[in-house]
Amino acid sequence: MIRTLTCVALTGSLLVAGAVTANELTRTTLDTLSKMGYPPPKENELVHIPPGIDELENQKLHPELKRVIRRGHDLFTNTQQLRGENVFNNMNCSSCHLGDGAMPFSAPVWPAAVLLPNFRPKNDHVNNLEERIAGCFTYSMNGKPPEYGSDNMLALTAYHQWLATGVPMYPKQPIYGRGYPAPERPEELSYARGEAAYKEQCAVCHSEDGSGLVANDRTVFPAPWGDGSNNWGAGIVRVFTAAGFIKNNMPLGQPNSLSDQEAWDIAYFMSSQERPQDPRYTGDIKETLELYGPTFHKNSLYGQVREHDGHLLGDHDNLGEKDFLRPDTVRPRTFE
């Protein structure tokens with residue numbers, strides 16, 4: 001079953017380029033996404049509907065490979081099983097990548113399997129798939145990645161690659177639904193408006209204090225800030241990334257229901273709250289900003305002063321639940 005297609009606009013309809021065919025599932029999915037408020041694919045965008053884990057059983061793959069892929073899916077959707085070893089907050093991979101990592105406009109993870117190895121500006125060198133996953137553990141889970149080449153890392157990469165079934169390596173077309181595309185930024189963002197909108201739209205799941213909801217030691221809804229959340233190095237601390245995630249995915253089950261202004265204001269409010277220290281912290285906030293302010297943190301509020309109370313964000317040594325600042329995976333790579 002081929003799920004990947006190239007969209008070509010012609011009198012308002014979707015056609016399929018070359019010998020690649022679009023199946024009924026793809027068209028049904030696009031119709032569903034349209035009803036949820038998502039835009040249709042643009043001309044020449046690559047659309048891919050990943051296979052579900054329930055389809056794995058009928059595939060002509062070695063039973064051991066299937067077992068490893070299922071293990072990767074299990075780790076992706078319940079990463080909390082690695083709490084205290086690799087994860088030091090209440091996040092799962094699927095907390096940020098909804099739909100088991102397959103949902104368009106929720107940073108689906110399958111593009112990483114076909115776009116890597118590639119250069120990544122965040123750490124200024126070429127990253128492979130394992131290193132990209134390691135970054136999620138380091139920053140989003142405020143943790144320590146599984147060892148490169150370990151059983152758990154193999155399982156996670158196998159699951160990513162399973163989701164990318166049928167997609168060519170290094171596709172030339174832009175990918176439909178990749179990342180968290182943010183709406184245009186409004187002229188003014190408001191902490192007060194964001195706080196009010198958060199209490200109205202978000203607190204029922206994520207708590208007014210941002211601690212999320214954990215029941216029977218299992219994360220139900222993740223913490224958007226605080227010790228149980230991602231650290232200051234996570235991609236979603238960038239205000240535009242948070243705004244894109246919120247607009248496209250929140251409130252849960254009601255995507256695209258918030259106005260652009262509400263999404264940005266909530267993102268601004270959430271990004272103005274404290275969280276564990278950036279693992280790249282040098283011990284001095286000004287020095288850290290000199291290194292990463294022109295690049296990563298130019299889009300976050302790290303090192304900025306909150307107007308309403310004068311608090312300098314990120315000026316602390318709080319590591320959350322872990323007892324180390326940076327795992328040894330946060331290091332430069334060179335071929336010299």
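Let's start in a loop. A107 sits between helix 3, residues 93–96, and helix 4. This is a predicted model, so keep that in mind throughout. The phi of A107 is near 50°. That is a positive value, and A107 is not a glycine. Buried or exposed, then, is A107? Buried, because its relative accessibility is 9%, and the cut-off for buried is under 20%.

Helix 4 covers 110–115, and strand 4 covers 118–120. P117 is in the loop between them. The peptide bond joining L116 and P117 is cis. Omega there is about 5°.

Now the loop between helix 9 and helix 10. A cis peptide bond links M250 to P251, with omega about -10°. The other is N256, also placed between helix 9 and helix 10. N256 is not a glycine, yet its phi is positive, about 60°. How accessible is N256? Its relative accessibility is 21%, so N256 counts as partly exposed.

On to the helices themselves. Two packed helices are described by the angle between their axes and the distance between the axes. Take helix 9, residues 239–249, and helix 10, residues 260–271. Their axes come within 8 Å. They cross at roughly 130°. That angle makes helix 9 oblique to helix 10. The crossing is right-handed. Which residues make the contact? From helix 9: V239, F240, A242, A243, I246 and K247. From helix 10: D260, A263, W264, I266, A267, Y268, M270 and S271. By class, this contact has 11 nonpolar residues, 1 polar and 2 charged.

Helix 10 has another partner, helix 7, residues 191–201. Here the axes are 7 Å apart. The packing angle is about 100°. Helix 7 and helix 10 are therefore roughly perpendicular. On the helix 7 side, the contact uses Y191, R193, G194, E195, A197 and Y198. Those meet Q261, D265, I266, Y268, F269 and M270 of helix 10.

To recap the backbone. The cis bonds I showed are at L116 and P117, and at M250 and P251. The positive phi values are at A107 and N256.

Terms used: Residues are numbered from 1 along each chain as its sequence is written. This is a predicted model: local features need pLDDT of at least 70, side-chain atom pairs count only at pLDDT 80 or more; totals for chains, interfaces and linings use all residues. Side-chain values use heavy atoms; hydrogens and water are left out. Axes are lines fitted to C-alpha atoms, for helices over the stretch in contact, and angles run from 0 to 180 degrees between N-to-C directions. Helices (H or I, at least four residues) and strands (E, at least two) are DSSP runs, numbered from the N terminus. Angles under 35 degrees count as roughly parallel, over 145 as roughly antiparallel, 65 to 115 as roughly perpendicular and the rest as oblique. A crossing is left-handed if the near helix is turned anticlockwise from the far one by less than a right angle, and right-handed if clockwise. Contact means heavy atoms within 4.5 Å. Ala, Val, Leu, Ile, Met, Phe, Trp, Tyr, Cys and Pro count as nonpolar, Asp, Glu, Lys and Arg as charged, and the others, Gly among them, as polar. Buried means under 20% relative accessible area, exposed over 50%, partly exposed in between (1.4 Å probe, protein chains only).
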